Structure formats: C-alpha cells, structure tokens
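Hi everyone, thanks for coming. Let me put today's model up on the screen before I start talking.

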Amino acid sequence: MFEHLKAIPPDPILGIIAAYAADSNPKKIDLGIGVYRDEHGNTPMLDCVVEAEKTLLSTQTTKSYLGPPGVVGFNTAMSQLIFGADSNALQQGRIRTVQTPGGTGALRVAADLMKVAMPEAELWASDPTWANHHALFPAAGVNMHSYPYFDVESSSLRFDAMIEGLQQRGVGDVVLFHACCHNPCGVSPDPEQWQIIADIAAERGFTPMVDIAYMGFERGVDEDCLSVRLFAEQCHELIVASSCSKNFAMYRERVGAISIITRDAEKAAAVESVIHNVTRPNYSMPPTHGPAVVDIILHSKELAAQWVEEVAVMRNRINSLRKTLSAKIAASQIQRDFSFLARQSGMFSFLGLSVEQVHRLRDEYSIYVVNSSRVNVASFNQGNMDYFVEALATVLND
Ligand code: LMR
C-alpha cells in the first residue's frame, strides 16, 4: 500500500523547527514559527494559566468524556469574549461556540461545515494569507481564490483594490479575514476601513469568516475583536475561528473554538448539531484540559484581569522590538527603507527578500526565516538584533 509513496518536503513553517534544532551555531536565530518569545528566547507559561491549572488539578475528579460540545463554560466565555457580553446576536441566541483542537481545528471544522451547508461555496482569502489556509481548505474540498490585500512595494494595505475585490463577492461566497496581526504580512485595516468592509459584507450578502488567532496582540483584547463585532451586528451569518494558542500561550494544548452566527436561534441550534456531526467522524470529541483552564481564567475576575495584563506585556514587547529593529536598520549601512516594521503589528512582517537571500541568511548565519521572507518579530531580543542587522546588511548589499 505504501510502496508508491515518496517523501514530501516538510511544511514551509514547521520544517524550520527541525532544521533550527539540528543547527549547532550558538548564534542561531529562529524567526520561523509564530510563537511569542521573551528577552531570553523562552516561551513561558502565563502566570494566570499556572494558577488556573493548579485549581483545575485540585478540583478535577474525572477524565471521563464531556461529549461533543466539550467544556461548556469555555464555549460560553469565548462567545462573550469575542462578541462582547452585550452582543445583540448573543442575546438573541443566534451564536453557537464549540471548542475545537486549536484555531486550525476550528478552520477545518468551518471548511467541513461549508461543504455540508453549501457544497459549491468557494472561499476567498487575502493575497497573501497564512500558508496553512492554502493547504487546509482544499484538503476539505473547498475551492480557494484570493482578493487583493498587500502591496509589496509600499509594504501596506491595498485597500482600494481590496474593496473592489470584495464588491464582486456575493451570496454563496465565503470571505476569509484576519481579525488582527495579519499572518503573514502584519498589515490590518484600520477601524474606519473595517466599517467599510462590514458594510460591503452586509450589502453584498457574502458570508464573512474571521480567523482570530492573535487577539490582544495588535491593539488590545477588546479592540482586536472590532471586525468580528461589526460583522456580527450587520450580517445575518458569520463564521469565526478563534485560537488561544498565542494569547494564552497554550500552544501545545490545542485550544480553539468555532463560533457561528445564523439568522435565528433555531438555525443556530441546527448548525451546532451539524458541527457535532462533522467532528464525530473526525476527532469524535475535543480535548478538554486547555479549555478547562481558559474557562477558569475567564470566569475569575482576578485571573481574567491578570490575563489581560499578561497579553499587554507580550503586545508591548513586540511593538517595542519592532521600533528598535526598525531604528537599528535605519542606523546601519542598509539603504533600503524598513520603517514599515514599526508601523505593522503582531508577530509577522515580510522582509521583502528573495528566496536566495533567505537561504543565505540560513546557510551563512544560521538565521531561519520562512522562504516567503516572513519573520517572527517576537523572536528578536537585545542579544540577537545586531547580529541579525549585520547579516541582513550583507545579504542585501552583496
Ligand atoms: C505560524 O504561522 O507560524 C503559526 O500560526 C503557527 C503555525 O502553525 O503555522
């Protein structure tokens, strides 16, 4: 059965983990996968998570199944967190949130749901978008197209072209947005632009799907939900894939959720039953340790406040790294303008390097960057930035 199979190259992002681990250069830098790192290069557990885990371990009495919805308290808390406790759709019973194994799990469930609800529906994603979107949706049988988004020359949003593209979408199209901290380009619409986008979605009748994997890393926990809340107010239907990997630093626990808004409460119940029907033959029931921890945090006034502060520390550190890196490059002999680094947000930015230059960074300096030249800004620190700028100058100026 396996005789004809040939090895395939590793995933463009995940492949870097193994290559970096095997590199013995003490100066090596991993700018690949999107995980937050502190000044010492570590990805620490949040204090609120450690506290909540202690509570969980001292109160949990069984590991028996919870059933397809998983931790119901988590689902409720995530609905309130994402849509706001005063959300009209929430009060009307039009929202259902179901935990999933990470944000990627939520996206896959969304794709499976699309295939059941409207098999011919196609997905429109920003150009560019997260590399795994391109693998995930077609793997579920969903055709993918793109709308204009990022201008390589100016490292900024192609807003007019984006709007023109969205105006051509309509009922039966699903349009994917990144709520904040766009992965991979770090450029997001501003609040006024989100309002225009939500107006177009309502007018044209396409179904927005929002991937919110970095909530709290751009402007703030509440602020980063703006697009979701505008769509929720103005559209009859909405799909949201959320992740707690980054903002709760619970990466390996795989904590995420799919939220659906429908026209009325009855349809919402029907959609939830379909979600359970598509997950049953896939992973049957979701893992519950991580969601139980998030449930404890979000239902405790103190821990929830502590969490918001811990997210702010990560956000502020990334923003200050962006400013320092941009200033260091400007002060070096590099001629090219990298000031966009300070204007963009979240973990990711494109450096605008060729694949050959990316490979030189890896081969000559042990600096690991995704082939698209996307870097994870959170991996920089005071100890590695000068080395990086020196290497960048060499590959740009040679
Ligand atoms: C990334 O883009 O690096 C993260 O979302 C992690 C992943 O799974 O790719």
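I'll go through the domains and then the ligand site.

A quick word on the basis: this is a predicted model, where local features need pLDDT of at least 70, side-chain atom pairs count only at pLDDT 80 or more, and totals for chains, interfaces and linings use all residues. Residues are numbered from 1 along each chain as its sequence is written, and side-chain values use heavy atoms, with hydrogens and water left out.

The domain assignment gives us domain 1 (12-44 + 317-397) and domain 2 (65-299); such bounds come from an automatic or database assignment. Taken over C-alpha atoms, their centres are 29 Å apart. In contact, meaning heavy atoms within 4.5 Å, are 18 residues of domain 1 and 18 residues of domain 2.

Now, which residues are around the ligand? They are I13, I33, G34, W130, N183, Y214, K246, F348 and R374, each with a heavy atom within 4 Å of the ligand. Domain 1 and domain 2 each supply at least three residues to this shell.

Let's look at polar contacts, which here are pairs of N or O atoms within 3.5 Å. A polar backbone atom of G34 is 2.7 Å from a ligand oxygen. From the side chains, N183 places a polar atom 2.9 Å from an oxygen of the ligand, and Y214 has one at 3.4 Å from a ligand oxygen. The protein buries 82% of the 260 Å² that the ligand exposes when taken alone, with areas from the Shrake-Rupley method and a 1.4 Å probe.

That's my tour, and I'm happy to take questions.

Methods
A polar contact is a pair of N or O atoms within 3.5 Å; within protein, one must be able to donate a hydrogen and the other to accept it, and residues adjacent in sequence count only if both atoms are side-chain atoms.
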